[in-house]
Amino acid sequence: MKNQVESFYDNVAKDYSSHEDRVCDKIIEHFIIYNIPKNKPLKILDVGGGIGRFSEVLINMGHDVLLVELSNEMLNKAKIRLRKHSNIKFLKSSITNMNEIKSDSFDIVLAINAILDYCDDYNLAMKEVYRVLKKDGTFMGTVNNRFIYSSKHE
């Protein structure tokens with residue numbers, strides 16, 4: 001399944017910016033911003049970060065972000081989009097295999113928009129998330145719902 005997901009997102013990457021105006025993403029962005037601590041810069045892992053839509057908001061708030069993405073094409077789009085920022089790094093990997101990341105290293109881990117829906121083994125994915133998350137860290141994740149492709153005019 002990993003290869004199918006990677007191939008799918010490699011193929012849709014060129015037009016993925018057309019999804020920028022989804023209602024669900026605006027709601028999720030509000031939820032993320034509202035629920036993260038405001039008093040200090042945090043280390044945030046954006047797993048399945050795609051083109052960097054949520055990472056961009058977080059780095060603009062002063063947080064340090066590692067964007068992990070399975071698709072080369074999506075990762076390249078994110079690198080182009082966020083190239084002017086110094087507080088972001090990129091890693092091509094999967095949520096089920098983040099061996100290159102040290103344990104207990106992130107204050108917040110995000111797995112937004114179907115990352116858990118499309119991974120091979122969501123139990124392994126959650127084990128990896130909690131391995132890299134600091135002891136008192138926060139995990140924020142979503143799964144798809146019927147509003148996933150709605151835009152502001154719908």
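Biologist: What relative accessible area does glutamate 56 have in this structure?

Modeller: Glutamate 56 counts as partly exposed, a class lying between buried, under 20% relative accessible area, and exposed, over 50% (1.4 Å probe, protein chains only). This is a predicted model, in which local features need pLDDT of at least 70 and side-chain atom pairs count only at pLDDT 80 or more, while totals for chains, interfaces and linings use all residues. Residues are numbered from 1 along each chain as its sequence is written, and side-chain values use heavy atoms, with hydrogens and water left out. The relative accessible area of glutamate 56 is 22%.

Biologist: With which residue does glutamate 56 form a salt bridge?

Modeller: A salt bridge here is a side-chain nitrogen of Lys or Arg within 4 Å of a carboxyl oxygen of Asp or Glu, and in this pair the closest N and O atoms are 2.7 Å apart. The partner of glutamate 56 is arginine 81.

Biologist: Which helices hold these two residues, and how many residues apart in sequence are the parts they tie together?

Modeller: Helices (H or I, at least four residues) and strands (E, at least two) are DSSP runs, numbered from the N terminus. Glutamate 56 lies in helix H3 (residues 53-60) and arginine 81 in helix H4 (residues 72-81), so the pair ties together parts whose separation in sequence is 25 residues.

Biologist: Why is strand S4 said to be largely enclosed by the rest of the structure?

Modeller: Strand S4 pairs in the parallel sense with strand S1 (residues 43-47) over three bridges, and five bridges join S4 to strand S5 (residues 133-141), also in parallel; two strands pair if DSSP finds at least two bridges between them. Strand S4 covers residues 106-111, and it is described as largely enclosed because the number of its six residues that are buried is six.

Biologist: What is the relative accessibility of leucine 42?

Modeller: Leucine 42 has its place in the loop between helix H2 (23-35) and S1. Leaving aside neighbours within four places in sequence, leucine 42 is in contact (heavy atoms within 4.5 Å) with residues including His63, Asp107 and Ile108. Leucine 42 counts as buried, its relative accessibility being 3%.
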